[in-house]
Amino acid sequence: MSDLLSIRGLGLKIDGKEILRGVDMELASGEIKGVMGPNGAGKSTLLRLLAGELQPTTGELTLCGQDMSERPEREFSRDGISYISQRPGPFRDLTVEENLRGAAQRGSLFSRKSVRGKVDRLAKLIDMERKTDVVVSELSYGEMRTLDVAMALASEPLLLLADEPTAGVSGGVAGDIVDLFKDLCESNRNTPFHLDGLIFVEHDKGTVFNLADRVGFLHDGRLVVEGTPESIRQHGVVAQYLSEHEFD
Amino acid sequence: MNDKIESISRRNFLKLLGSGVASVALLGGRKSYAKSPLTIGLQVEMTGGLATYGYWHLKSARAAIEKINEEGGIAGREVKLVYGDTETNPAVGSRVMNRLILREGADFVIGSQHSGVCLASVPLAKRFSVPYFPIGEATEITGPQGNKYVFRSNYSVKAHAKSGYRWVMDNLGTDWTVVYADYAMGQSAVTEWSSYLTAAGGKLVGKIPVPQGTDDFGPYLKKVDRGRTDVLVIILYGPDALACLRRTHEMGLTEGMKVFGNTGSVEALDVDFPGAEGLYSVTNYPRRSVDVPEELKSFDREFRASVGVGPDGRDPENGKIVDSSHYWVPWENVHFIRDAVSSCGWQGDRDMNRLIDSLAGIVVRGSTGHPQGSKYIRTLDHQGFHSQYIQQVQDGELSIVAQLPPEDGEYEPLSVL
Amino acid sequence: MELVSQILFGLLNGVIWGISLALISSGLNVIFGLLGIVNVAHGSFYMMGAFLAWFLSLRLGTFWPALLLVPAIVGFLGILAEFLLKPVEKDHSLSVLGTFGVTLALQGTALVLWGGAPKRLTSPIQASFSLFGTGYSYYRILAAGVSIVALISLWFILERTNFGLKLRAVREDADLSVASGIPVPWIYSLGFGLGAALAGLSGTLVAPMVSITPEMGLRIFAVVFLIVIAGGLGRVWNAVTFAIAFSVVRGLLTTFFDPTSGLIATFILVLVFLLFRPNPVTSRR
Amino acid sequence: MFTGSKRVLLATFAALVPITLIGVFPLFMGRFQVVLLTEIIIWGVFALSFDLIYGYTGMLSFGQSIFFGVGAYVLTYGMTWELGLLLSLVMVLLSGALLGLIIGAVAVKVRGAKFFLVTLVGAILFHLVALDNRWLTGGDDGLLVPLQFGGVVDNFYLIYGVGLFAALVTLVIVRSPVGLVFRMIKGDKKRAELLGYWTDGYRILSFAISGALAGLAGGLYGYTTGFVSADFFHWSYSADAVIWTVLGGSGTVAGPFIGAALLTFIKESLSSTWGVIYPVFVGLLLIGLVIGFPGGIVGLVKRVASWTVSGKEGSTDE
């Protein structure tokens, strides 16, 4: 089976500062990948590059065999990549329903019925059917993050990129989000909102080792090591990092 | 009288706010004519670029109406003044015209000093069949853009040029450089003056357009060809004229060259500054009493006393300088209305044609009602012709150096009504 | 020969006017470039400066005290305006609206207090000298000199004083500034006041050279904004260079072409520059 | 809407009452009030055009006077060439939209303060060009519009009809999926782009629709007054639209009309003495609105309504 995503020698320089250097990574279909690393290692930057928000200085980026490195940002979403950024992203002045509709209608602007059906399903998926008319600015932080997940799913992506989706969210809600990711990745290809792949950045190592099939460890802009959760723990740098963040 | 108008509109406003839509219905609508006062509307520049003129126009119209009411009104009817501020802006001026006619029930409207406002109001005069007396000087107002309801008793740009160019050629010189405002008024003035000049064998050495609102006249005045120019003609208005004159002086252009300005150049300005000294310009009426011709002196005295202008051309109360070239126009227009209404026995709309007939071709002599002197309104295009003066700044004061008769300004009508 | 003298005159005259423009632009550069507040009212501070200079000169019988008094008064007006608009100063759209309100209020006040008729202030120095065959007033040279002194002082304040350091740091990292004990709201107020005072000084200096009207602020503010943006936000010397370049180019274009077309051409040039210049915010040092 | 059908009904009813009242206004009012109301409707449409790009799409433009002026002149020439009112108005709409596309395509390259400046300079440029080309525009002195004028009341109903049409079209657009994208762009342009929208395209589209509406207002104004001049391009007309919208409530269809009505009315009712301080009043009002009531009058009404009606937040767009 071909790789869903493949990056080769990806690098990024901003104002002469190297943020990422020569990162190689593959994501097989159906795979969940966690990305770890200390602050400033370039985790979020990597995700933003994959989401098209930033343009790499060097290297190439292929999605399902298509070269994406020269494409404008919006086409990443159209080609099946969704991205949940580090900060809550819903439009604060719009209602939950409008946010979902806005995310869901992109490919089918004028088929109101199908959009409406999708919005209903999404609201149900995140258990917000009763809150559709609430303006986002009145939601709790956890609810906003959950809404972020639903909005990311609305375009029915192949690949989801999530930047610390559970940080700052209460344990229960965080668990729900993790479970939802797991379900969607493991679900049948024909289920609505099925995910073909997931890359997430997370500080909480419990979540990482629980959710990920494979884990990559970034340090100082380089992908130091990548492997299964079991194998990666043994690696020197990772072990040191883990011991330093015992109580994360 | 003024207070009454103001309080009505304020009450009007409060009613609409307070009790909603219906209550105003009682105040709207056009009055019936039976014994009601005759209403004269005035479009006036109280704010904006020509506010200095508006201050005097209101005083002038008000004084004329007060005087006529003391004398028993017009054809036995009391005269009422209604006015509105155009903000020197055609859009607002057009709304004022609507309000004066439709809400205040003006039977006549005396126009604005601003040509744009006048042009915007001309179609409304026709639409509502209300005689309109514009003051703005754009030639087209009594030309292709005019209509039979429009009467201008004062000079147009073309009349000023026609009347003045000869004197300038004979007395100041035949080789001119013109510095002018690069927008409608300046452009049409420069066309008129220079075409009369060249037709009479004079020479236009240079034509220097200056955009509106220029602070720095240096580069423009630097273009003046000093060796070949006799007369520097300045066609600028208000702040621009002031800035230009000061720089002319600073750059030493006043030495060895005569400077001549159009009517707007020093109108209502204090001319007691070095750059203005020696400047010649045209005016419709002397600023100071001493310069008024002997036969008009007694009328001038009464006129000034009524409006509130001192013999030095200033408001005795606050020292504001009068726009002497124009402030007589509202006063005289009120009297033109009186003359025409009394002579034709006008009562209301159905007598309109008779009124128009008696205004067209009307001839008046110098009198208290027409202190500026003899003049006539031509039948063909409803343009008025009167005498004009050449004035010069001498020792910080404007003094008259020549008087030009009405015939000098007469030109072929641009179009016939 | 005549042409050469015209060009030389145009160049020098352009530089002299450009320095006044540079002074008012530098004021906006502090407010907009450094603090990031979109201050549409900047032209009105300039207008107020000119009116106050005229008013004080008539009252005091001499021009010179205005050079100190007017910037102080206008600077205070600036602080007052900033204080009012503090809640919205971070939002570009709302601060455009708010400062536009300030513009209307100031312009209206000038109109009510002093009327719409153009005011003229007699130049405190009447003498002039001959420049390429035409007279040129010493006052213009003096005004340019005072402007240069003010610009150097501004540079000194920004680069060499503690206040300047804070002023430059406050927008870069507001959190950090708080942490290091700088009273951020005060930096904003004083910075705004400093910018307004510079506009006031510029207004004072040009007062004896122009016709003073309530509209003079609106006429200049778009140009000032263009200069600050084109020169790069927050860069004092770039804005100065641009102001002079703009003034010279405009002078030459309007001299040798039909002036309104020249004005149009200048605006189009600046507009193109504005649209296609790489984003000055990210290219900041 | 999912659950808000009752609210939509209520809002529709709330909108129908004033619309009907305005419709029967000429039956009770004097001619001047009718003329004034006609003008207010035109200004309302003009302000609405600004609201579409500012209140909905989040772009603070001072360039609306460009379209106003162009609309007025296109109508003038349409009438001069005897194309008839309807065809002239269609031409006005098309030219406004086309110009909006062009100017929009240039202006969306920049954002924030630069966008404001680019549109402002655009208006200054158009004004200068109009002043400089008297053969086309008549400059300051302007041109007369050949009218087939049918009287104050007839004209009122014409403008009333067109105004209603403009408001309805706008309402449909802002309520449509496209309108949702506009509002998303206003909220967070980057985020909308991330969701796959070509935001610059939508911004240009918004500009074009707004240009058509502003042009329509200009055309109607020229038709009503019978006079157009280069002055119509002056950016102070844009500034008026901005102030009306902010006062009435941006991001609503009713707001611009309410703001235009209120300020035109206040100005018209002020005596000459008070007229002088009107600009000061408007300036202070604007400052107060920006720091105190960013939602304008409609926002205030909504807030009061949500206090009284069981605290449920309303989001009606009428």
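A residue is called buried when its relative accessible area is under 20%, exposed when that area is over 50%, and partly exposed in between. The structure discussed here is a predicted model. By this definition, both Phe67(D) and Phe207(D) are buried.

Over all chains, a search of the whole structure finds 55 aromatic pairs. One of them joins Phe45(C) to Phe192(C) in an edge-to-face arrangement, with 6.2 Å from centre to centre and 90° between the planes. These two residues lie 147 residues apart, so the pair links distant parts of the chain: Phe45(C) belongs to helix α2 (residues 42-60) of chain C, and Phe192(C) to helix α8 (residues 184-206) of chain C. Phe45(C) counts as buried because its relative accessibility is 1%. Phe192(C), at 3% relative accessibility, counts as buried too.

Chain D holds another such contact. The ring centres of Phe67(D) and Phe207(D) are 6.0 Å apart and their planes meet at 70°, which means that the pair is edge-to-face. This pair also connects distant parts of its chain, 140 residues apart, with Phe67(D) in helix α3 (residues 64-80) of chain D and Phe207(D) in helix α10 (residues 199-225) of chain D.

Aromatic residues of chains C and D also come together in one cluster, made up of Phe32(C), Phe100(C), Phe221(C), Phe225(C), Phe62(D), Phe116(D) and Trp235(D).

On the surface, a patch of negative charge is formed by Asp120(A), Asp127(A), Glu129(A), Asp176(A), Asp179(A), Asp183(A), Glu186(A) and Asp213(A). Helix α6 (residues 171-186) of chain A gives the largest share of this patch, four residues.

Phe193(A) is not a glycine, yet its phi is positive, at about 65°. This residue is located in the loop between α6 and β8 (197-201) of chain A. With a relative accessible area of 5%, Phe193(A) is buried. In chain B, Glu87(B) likewise has a positive phi, of about 55°, although it is not a glycine. Glu87(B) occupies the loop between β2 (79-85) and α3 (90-103) of chain B. Its relative accessibility is 27%, so Glu87(B) counts as partly exposed.

Terms used
Residues are numbered from 1 along each chain as its sequence is written. Chains are lettered from A and ligands numbered from 1 in the order in which they are written. This is a predicted model: local features need pLDDT of at least 70, side-chain atom pairs count only at pLDDT 80 or more; totals for chains, interfaces and linings use all residues. Side-chain values use heavy atoms; hydrogens and water are left out. Patches are made of residues with over 30% relative accessible area and no salt bridge: like charges are joined within 9 Å, nonpolar side chains (Val, Leu, Ile, Met, Phe, Trp, Tyr) within 5 Å. Accessible areas come from the Shrake-Rupley method with a 1.4 Å probe; for residues, only the protein chains shown count as cover. A salt bridge is a side-chain nitrogen of Lys or Arg within 4 Å of a carboxyl oxygen of Asp or Glu. Lys and Arg count as positive and Asp and Glu as negative; His and the chain ends are not counted. The place of a charge is taken as NZ of Lys, CZ of Arg, CG of Asp or CD of Glu. Rings of Phe, Tyr and Trp (its six-membered ring) pair if their centres lie within 6.5 Å; planes under 30 degrees apart count as stacked, over 60 as edge-to-face and the rest as tilted. Buried means under 20% relative accessible area, exposed over 50%, partly exposed in between (1.4 Å probe, protein chains only).
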